[in-house]
Amino acid sequence: MTAGARPRPRHVTVAGRRVRHRVDGDGPPVLLLHGLGRCLRDFTEQHELLARRFRVHSVDLPGYGGSLPMAEPCTLPALGRFVGQYLDAVGVEQPAHLVGNSLGGAVAMRLAATEPARVASLALVNSAGFGPEAALALRLLTLRPLGRLLLRPSRRMARRTERMLFCDPAFATEERIDHALEVAGQPYTARVILQTCRHLGTFRGVRPQWREELLTQVAALDIPTLIVWGDRDLILPARHLEAARARLPRARTHLFTDCGHLPQVERAEEFHRLLVDFWAGEPAGGGRTAAVGAD
């Protein structure tokens with residue numbers, strides 16, 4: 001694919017709703033899940049690298065990008081069910097490697113907790129669910145009517161948001177800002193974001209009830225798990241990685257230095273190598289390995 005070119009969107013019907021996705025490559029199935037208010041664009045680099053060896057699915061979660069919202073409210077259990085329905089719709093029968101960023105990490109864990117036979121491994125990238133802290137901007141979205149006012153699309157807000165996602169501001173390109181505005185401009189996006197934020201948290205932070213239940217369920221599973229973070233994350237702080245190590249002690253962990261909320265973009269090659277090595281079974285069964293990304 002030429003630099004700057006966008007993949008041609010494809011659509012599939014899931015539970016009666018149109019869903020945008022991208023599918024490439026051959027091999028074991030991989031499913032890439034983006035975060036709150038984002039879309040499959042956040043996994044473009046990984047999708048193209050992984051498609052050399054895997055059957056890679058990137059999907060816009062319901063209500064984001066080119067996917068219509070679900071008939072039911074956008075809660076974490078509903079999103080977990082959606083992922084299972086998506087895998088059915090695209091004919092993935094064998095266990096899939098799930099890679100989830102931010103909200104997508106919590107969604108991946110939700111599917112693993114309810115349908116563990118569908119999950120070959122979990123790669124949780126700056127994932128929601130490991131701590132109460134979240135950026136002020138996210139906590140403000142839980143307040144009525146302030147949340148809806150903050151989600152009015154504007155180039156200034158889109159630029160600020162993109163810059164918050166990266167340690168290196170060079171990644172907050174005009175193309176990314178344009179795309180963020182396009183996603184934010186969908187008529188249903190603000191409603192879906194507010195539903196999800198108010199389900200998962202309050203102005204004080206991420207609700208403990210769903211986190212405790214989910215982490216207890218995931219800790220009881222025998223699913224290889226990799227947890228990575230960027231040490232300069234301004235959305236979900238890197239100290240959540242320590243909480244993740246405590247709650248999921250068998251997981252492999254990796255901290256990227258000088259990296260923000262999207263290491264799959266900001267450290268694309270390094271992230272790709274980490275994933276492929278993890279899936280190669282080094283060490284087998286997921287075993288805990290703490291690593292720090294240099295350079």
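**Exercise 1.** Determine which parts of the chain the salt bridge between the side chains of R239 and E133 ties together.

*Solution.* The side chains of R239 and E133 meet in a salt bridge with an N to O distance of 3.6 Å, the term standing for a side-chain nitrogen of Lys or Arg within 4 Å of a carboxyl oxygen of Asp or Glu. R239 lies in the loop between β9 (225-230) and α10 (240-247), and E133 in the loop between β6 and α4 (136-140), so the pair ties together parts that are 106 residues apart in sequence. R239, at 53% relative accessibility, counts as exposed, whereas E133, at 29%, counts as partly exposed; buried means under 20% relative accessible area, exposed over 50%, and partly exposed in between, with a 1.4 Å probe and protein chains only.

This is a predicted model, in which local features need pLDDT of at least 70 and side-chain atom pairs count only at pLDDT 80 or more, while totals for chains, interfaces and linings use all residues. Residues are numbered from 1 along each chain as its sequence is written, and side-chain values use heavy atoms, with hydrogens and water left out.

**Exercise 2.** Describe the salt bridge between R118 and D88.

*Solution.* The side chains of R118 and D88 meet at 2.9 Å, N to O. R118 is in the loop between α3 and β6 (119-125) and D88 in helix α2 (residues 76-89), 30 residues apart. With 16% relative accessibility, R118 counts as buried.

**Exercise 3.** Identify the network to which E45 and R41 belong.

*Solution.* E45 forms a salt bridge with R41, their closest N and O atoms being 3.8 Å apart. R41, E45, E175 and R176 are linked in a network of salt bridges.

Terms used
Helices (H or I, at least four residues) and strands (E, at least two) are DSSP runs, numbered from the N terminus.
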